[in-house]
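Here is a short tour of charged side-chain pairs for you to follow alongside the coordinates. Have the viewer ready and let us take a look.

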Amino acid sequence: MELSSKKKLHALSLAEKIQVLELLDESKMSQSEVARRFQVSQPQISRICKNKEKLLADWCSGRANRERKRKRESKYSGIDEALLCWYHIARAKAWDVTGPMLLHKAKELADIMGQDFVPSIGWLVRWKRRNNVGFGARHVLAPPFPGITSQTQPTLSLKDFSPEDVFGCAEVPLLYRAVPGRVGACDQVQVLLCANSRGTEKRRVLVSGLQAAQRCFFGVSSEALPASYHPDLGIPWSEWLAQFDRDMGRQGRQVALLLAARVVEDLAGLPGLCHVRLLPLSATSTTPSLPGSVVRAFKAHYRHRLLGKLAAVQSERAGTSLAEAGVGITVLDALHMAAAAWAKVPPQLIVSSFIQEGLASCKAPLSPDKASEMPAVPRGLSYEEFSRFVDLEGDKPVSGVCKGEMGTEDEEGSLEDAFDPLPTKADALRALGTLRRWFECNGTSPELFEKFYACEEEVERLCCL
């Protein structure tokens, strides 16, 4: 006797399940008759009736995959729902959402929810099927992003990345202790600035250009500095990009970095970057890799801070000229002032500048706030004079070593004997007392005292380590 083969299971899609419910509601057919019509078992029809409300809700939402036959619920339903909500918001803003963007956002949401979850490609495919998510056609390096060349990566576009993941950077020449009317050719450093197109992330400032500036850096911990320092001429692109790639990898992100074509050509032999994709600007394009208004705002804040520091020196030493006061400015001073100036560049200016340069999309471009772009004009200078001072550097870099900060060969052999001893904990505590006493005697505002208290508390904490 021949054994009958096992009956093959026949699963119904969402659309077919809705037809089953319509037949049961509108006709006098029994569940068994409907089961025979759809070639399924009667218990399966019974389960469909039991889940009627949920099936109708999925159908009416318009988001469910109507051809999917089985809906397996995710173990991470909270992440599923949050990501779907973010996806609909992104599509409403006309973002071209891609797979890498969804994987990054899913991981970010999981971290926020405190769940140990690492999204995979397989998980993303199932998530798309569950929620009937599909991507539209992608446009490769098309307007509104002019001036981008795709010779090295022809399939990449700014549209492949969310605005938060598009970064621009610029190498800025800076005469770090120049004063109005006096410029020292050997006083130039190179400053690397990098920010994303939404102004929500600014990379740590990097300063390079002066060799062996040992006097000011003696005893200084590089980890404690607010900016990075490279004591050789030129920007160390390979090291900087490798660190950027590691940082983005730790965050589980894929980002785009706009660079000048000449820089990308110099990096031809660089080992592959896993998380930072380089988008070189065309060599014939006038579009900067970091908007010029952002660079100018940085220089304006730096020069404003420099003049304030020099004015304080003049008030202490009667008869001192600005040029004489400027001689005492070191590269370490410049490092701190550059970090402070970069922090003062407002996010709104960065956003509007990226939009105006065509490096970010916006249906209604924002006009930059000129008041936030430029700090107040310092006393003793007209607006035109300060503007010329801000734009002091030429396009052609001037390299050199600042003699005022160089040590002699004898000094280099015995730094500890050549320089003043490093400050102790007792020195730091005495300095705090002196500073507070000076505030008390000069009518300081309560707001400034609050900042001082925070500084005092941190110094005291460090002294206890």
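## Salt bridges along the helices

Asp111 and Lys107 form a salt bridge, with their closest N and O atoms 3.4 Å apart; the term means a side-chain nitrogen of Lys or Arg within 4 Å of a carboxyl oxygen of Asp or Glu. This is a predicted model, in which local features need pLDDT of at least 70 and side-chain atom pairs count only at pLDDT 80 or more, while totals for chains, interfaces and linings use all residues. Residues are numbered from 1 along each chain as its sequence is written, and side-chain values use heavy atoms, leaving out hydrogens and water.

Asp111 and Lys107 both sit in helix 6, 4 residues apart, about one turn of the helix. Helices here are DSSP runs of H or I with at least four residues, and strands are runs of E with at least two, numbered from the N terminus.

How exposed are the partners? The table lists relative accessible areas: buried is under 20%, exposed over 50%, and partly exposed in between (1.4 Å probe, protein chains only).

| Residue | Relative accessible area | Class |
|---|---|---|
| Asp111 | 47% | partly exposed |
| Lys107 | 22% | partly exposed |
| Glu108 | 31% | partly exposed |
| Lys105 | 15% | buried |
| Arg250 | 61% | exposed |
| Asp247 | 16% | buried |

Helix 6 (residues 99-113) also holds Glu108 and Lys105, 3 residues apart, whose side chains meet at 2.6 Å, N to O. In helix 9 (residues 237-250), Arg250 and Asp247 are 3 residues apart and pair at 2.3 Å, N to O.

Finally, a network of salt bridges links Asp165, Glu201 and Arg253, and the structure holds 11 salt bridges.
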